[in-house]
Amino acid sequence: MSDEQREASGRSLANGMRDVALRSFGWPNSVTRQFDFWDDKYEGRRVFAELLGTFFLVLVAVGGGMVNARFGGDAVPAAARVVAPALMVMAVILFMGTVSGAHLNPAVSVAFALRGNFPWRRVPAYLAAQFVGSVLAVLLLWALIGKHGSAGLTLPGPGVSTGVALAWEAVLTAGLVSVILGTASGAQQIGPFAAIGVGGYIALAGLWGAPVSGASMNPARSLGPALVLGDWTAWWAYLAGPLAGAVIAVGCAWVLRGPGGGEHGTEAAQGTLGITWQPGRIGPPRLAPAEPPAPGPVTEPEKPGDGS
């Protein structure tokens, strides 16, 4: 075999290996942006979606306690204060989950990255957006109804130590992230109905777990109010607990379903913006008529045999 033939054979082998790698990550969508999974073209939209979604979540989660403190009594019942954030999470997943994956929670972003469904280099921007969204929500509540002591914070219950609150948050978050990773895997093939499972878990965990630790399960939800309201009581429990729970959930997912990084898991974790759809009109443009048709006499349709 001549040198030219050996070189051609080497190029062919390299091209074949490249094709295998491309099939693993997704075919190139352009020369400068090699893979959809690593495409930064729409990263600003994704980050904004995380900020907006976390803003709405914290607005509801923190707002219940602050409204009660402002108006006194039990204006927002305890059950409503834990169910409302769950319903908000369901709504956010349904309306923008395909844009960013609707993490809304640093523990979820870290879990998706550990699972191999989300690139680590995107994690810092997601975390920053989540914390900014949380802070903005608390600032808005403060501006509208005022600051009322510790209202809106997640704190250990009466007689509950910080260590117990940390362990409690780790257990609750392990369950939450397990639900998220499981419904995102595609194994159950439930698609958008995953929002019901995630929201249902948040509501159930809050109904029985809130008296112990506040059932935050979300460092952004807890640390945003702590920063704005200036109360750092037991803050580290609400950072370390959910992160520990996320790591436990990733381990459970590996035992249950093996390694992550599959098609359904990555699409759920990062959304499908730039992969299966582009931002713009869904379907061809269709303009409404400028004005309704002018009224006129109603004519009966011709019947067979009426013609002459």
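Reply: A salt bridge is a side-chain nitrogen of Lys or Arg within 4 Å of a carboxyl oxygen of Asp or Glu. The model is predicted: local features need pLDDT of at least 70, side-chain atom pairs count only at pLDDT 80 or more, and totals for chains, interfaces and linings use all residues. Residues are numbered from 1 along each chain as its sequence is written, and side-chain values use heavy atoms, with hydrogens and water left out.

Me: What makes Arg81 and Asp74 a salt bridge?

Reply: Their side chains meet at 3.5 Å, N to O. The cut-off is 4 Å, so the pair qualifies. A search of the whole structure finds three salt bridges.

Me: Which residues are linked in a network of salt bridges?

Reply: Glu43, Arg46 and Arg122. Arg46 meets Glu43 with the closest N and O atoms 3.0 Å apart. Arg122 meets Glu43 at 3.2 Å, N to O. Arg122 lies in the loop between helix 4 (106-115) and helix 5 (123-145) and Glu43 in helix 2, so this pair ties together parts 79 residues apart in sequence. Helices here are DSSP runs of H or I, at least four residues, numbered from the N terminus.

Me: Why is Arg46 called buried?

Reply: Buried means under 20% relative accessible area, exposed over 50%, and partly exposed in between (1.4 Å probe, protein chains only). Arg46 has 2%, so it counts as buried. Arg122 is buried at 1%, and Glu43 is buried at 12%. Arg81, at 30%, counts as partly exposed.

Me: Why is the pair of Phe55 and Phe56 called edge-to-face?

Reply: Rings of Phe, Tyr and Trp (its six-membered ring) pair if their centres lie within 6.5 Å; planes under 30 degrees apart are stacked, over 60 edge-to-face, the rest tilted. Here the centres are 5.6 Å apart and the planes are at 65 degrees, so the pair is edge-to-face. Phe55 is buried at 16%. Phe56, at 29%, is partly exposed.

Me: What makes Trp168 and Trp208 edge-to-face?

Reply: Their centres are 5.2 Å apart and their planes at 65 degrees, so this pair is edge-to-face. The pair links distant parts of the chain: Trp168 is in helix 6 (residues 162-184) and Trp208 in helix 7 (residues 194-213), 40 residues apart.

How values were computed
Helix = DSSP H or I, 4+ residues; strand = E, 2+ residues; numbered from the N terminus.
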